[in-house]
Amino acid sequence: MSMLPLDKDDGGARFPGFSSLAQSGHWDQATAGVVLGRIALPADIRFFTPTEEATARALLDQLLDQHGEPRVPVVNMVDARLADNQTDGWRYDDLPEDGEAWRKTLSALDHAAEEQFFQPFADCPEHQQAVVLQAVQDLGDQPWQGMRASRVWGLWTRYACTAFYSHPWAWDEIGFAGPAYPRGYKNLGLNRREPFEVADAIPQEDPVKADRPAQDQDRP
Amino acid sequence: MNRVRQRNESAWLLPPGPGSNNDLRKHMRRFEDQDEVDIVVVGCGAGGSTVLQRLARAGWRVVGLEAGPFWDPEQDWVSDEAGSHHLYWTEPRVIAGEDPVPLGSNNSGRGVGGSMVHYAGYTPRFHPSDFHTFTADGVGADWPLDYADLKPFYEDIEAELPVAGEAWPWGDPHKYPHRPHPVSGNGELFLRGARACGVTAKVGPVAIANGRFGNRPHCIYRGFCLQGCKVNAKASPLITHIPDALAHGAEIRADSMVTRIGFDERTGKATGVHYVQGGRERYQRARNVAIAGYSIETPRLLLNSTSDRFPEGMCNDFDQVGRYLMVQGAPQTAGRFDDEVRMWKAPPPEVSTEDFYETDPSKPYKRGFSIQTVSPLPITWAEHVAAQGHWGADLRRYMSDYVHWACLGALCEFLPLEGNRVTLAEEKDRYDLPVARFSYSQCDNDRSLMEAAQSVMERILKAAGADEVITIKRYAHLVGGARMAADEEHGVVDQDCRSFAVPNLLITDGSVLPTQGSANPALTIMAVAARAAQKLAETPRTGRND
């Protein structure tokens with residue numbers, strides 16, 4: 001079971017008792033060094049200014065639905081990547097490189113929140129933050145604050161998901177056991193599990209069925 | 001002695017079990033910069049390493065320069081997705097066009113072994129039809145060589161990697177040296193779905209030994225092929241060609257970034273390469289130069305190598321350098337099953353179909369696509385889910401369902417288009433060199449293939465019992481950018497990978513491919529490089545004079 005708070009209706013409680021970290025004794029040294037670093041005390045913020053940090057924190061909490069403790073320190077992880085200039089090796093010709101793009105989009109996010117709700121994004125209540133973000137996503141390839149909305153959305157979600165789903169607590173809530181060397185797997189195939197894997201307690205919890213109207217089921 | 005071992009002893013030079021042969025590295029031959037070696041090879045990936053090994057075997061004095069590190073898999077690679085970022089080329093690049101293609105991750109490599117360090121491991125051959133798509137269908141380009149010219153090299157490389165798979169019924173039907181691997185839940189569902197809708201699917205072809213090969217151990221099915229194989233089971237040149245090259249006197253100089261090709265205005269020949277190592281500018285003299293930096297860095301290096309003779313970049317007399325760069329459309333479609341699939345267990349490359357590879361006269365588009373199993377790890381899977389528009393609580397809920405999803409990926413043969421190219425950007429990197437700007441736009445045929453591939457993947461997954469399917473549009477692989485052609489007005493190199501403009505300059509990587517088929521390119525890149533090396537070895541070591 002993951003350390004992270006997640007409501008049963010939101011996919012919590014599916015893998016009771018499952019812990020990827022409990023397997024860390026079976027990981028090779030190089031891998032353990034990298035993965036265990038993620039549960040250590042988070043690195044201090046050194047890239048974002050305090051204003052940017054507040055906006056980024058609120059943004060990342062929204063994108064990843066982290067509204068209580070403990071939480072994966074995503075803002076510190078994103079900040080560390082940007083401070084190290086650890087980019088993916090490309091930028092769009094109409095956006096600056098990632099660090100500058102983060103600064104620019106966070107400032108634009110505050111601007112958008114102020115336009116609509118008369119206060120910076122981080123000061124808005126959560127439901128208002130969600131409204132501002134949904135508007136960015138809904139614009140698709142249309143411009144938002146002078147930038148192509150889909151590219152801004154892609155930048156945020158790419159960094160957010162990479163940080164969050166690299167964390168063992170996040171693996172616990174999706175049933176993924178993490179590193180698999182030098183042990184490997186023995187039991188391949190449908191419904192076959194390793195002794196350390198835990199079966200999904202609610203296999204019928206199909207998120208697709210849950211939130212789509214029936215007539216949409218066959219759309220491509 | 002085993003026939004493969006007679007021509008390439010790499011697998012027997014490694015230690016038994018995982019690990020590196022550190023003695024081989026420690027005692028490798030070392031040349032001085034002022035030594036005029038027979039050939040300097042820029043880049044130690046699929047193409048460069050093959051050339052190094054072949055020419056070292058032929059007795060040539062060879063040096064390979066590699067911008068990235070000389071990996072030690074046990075120390076440097078991890079069984080973890082985010083921790084493998086250093087396997088990618090992440091120097092700055094600019095992407096543009098109507099359909100910009102993200103670079104860096106799945107389509108780049110760095111370090112000895114190149115992108116084959118983190119490729120899935122699929123090694124299909126091209127089909128005979130790939131070599132004359134223009135004559136047959138009026139699209140793409142004709143190669144200046146035929147399938148028959150490459151066939152013996154395909155066979156050689158397949159034995160050296162080695163490749164495992166079922167007897168292959170498509171293209172030029174052939175067998176593989178190793179038997180097919182067992183499949184996981186993901187492969188099982190692909191086979192089941194394909195059978196149910198009349199599509200032929202086969203296990204393989206993957207460059208993962210099935211059984212011990214030399215000292216290389218058997219695969220442990222841990223599913224982290226894309227993070228570098230710590231086991232030494234999956235082939236990459238780091239373990240398939242570099243050990244033998246070192247044993248035959250090659251030097252691999254890692255952490256060495258080549259910045260410019262040396263050129264003698266008087267003779268019109270290349271004289272070596274300028275490179276930076278540890279912050280110091282150095283120059284390696286050589287009688288021949290082979291560039292193998294792949295489809296972005298090879299054109300960039302040529303464009304940055306200006307001189308009086310080549311004011312627009314070396315070999316660029318006809319504005320061909322950087323053009324006709326291709327990616328494959330690689331949509332991935334996932335299906336939801338009540339069963340637990342746990343697709344991340346076992347190597348992602350398992351099962352493929354090439355039923356849709358060739359032009360189907362009944363369809364409005366030309367050429368086709370292949371379909372293969374892929375098995376995204378959590379971060380990549382989160383990209384799939386986020387691409388459906390999910391975020392916040394919705395994203396977490398979807399992700400909690402991970403164990404129930406199976407995933408297929410298509411490779412669509414996007415056509416080589418003149419305007420899809422690398423040029424130099426205004427922006428400079430830390431070596432003060434202009435970075436590459438890669439512009440990409442799809443044509444109608446490309447878009448039709450993406451749609452067709454998606455609908456076939458949906459059909460297969462639904463036939464296997466999926467109650468819902470989702471698709472993410474993405475790209476895979478790079479080829480072209482310095483293509484081979486019949487003459488200098490249509491390409492940069494000839495059928496033997498020798499540049500038209502500079503007699504002792506070769507390009508021996510994926511950038512020479514004029515078309516790409518629907519096949520993963522690694523095997524073909526190695527086969528083309530092996531052929532070029534053989535042709536070169538037949539010439540005097542002093543370099544061509546014509």
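**Close-up 1: A:R91 faces B:V94 across the two chains.** In this predicted model, B:V94 sits in strand 3 of chain B, a strand spanning residues 94–96. Strand 1 of chain A runs parallel to strand 3 of chain B, and the two pair over two bridges. Pairing here takes at least two DSSP bridges; helices (H or I, at least four residues) and strands (E, at least two) are DSSP runs numbered from the N terminus.

Local features need pLDDT of at least 70 and side-chain atom pairs 80 or more, while totals for chains, interfaces and linings use all residues. Residues count from 1 along each chain as written, with chains lettered from A and ligands numbered from 1 in written order.

**Close-up 2: where chain A meets chain B.** Chain A brings 52 residues to the contact and chain B brings 65, contact meaning C-beta atoms, placed from the backbone, within 7 Å. Helix 1 of chain A gives the largest share of chain A's side, four residues.

**Close-up 3: a look at B:H404.** This histidine lies in the loop between helix 13 (393–399) and strand 14 (405–412) of chain B. Is B:H404 buried or exposed? B:H404 is buried, because 26 other C-beta atoms lie within 10 Å; the cut-off for buried is 20 or more, for exposed 12 or fewer, with partly exposed in between. Beyond its neighbours within four places in sequence, B:H404 has contacts including A:P203, B:R336 and B:D338. B:G335 is 69 residues away in sequence, yet the C-alpha atoms of B:H404 and B:G335 are 8.3 Å apart.

Conventions
Two residues are in contact if their C-beta atoms, placed from the backbone, lie within 7 Å.
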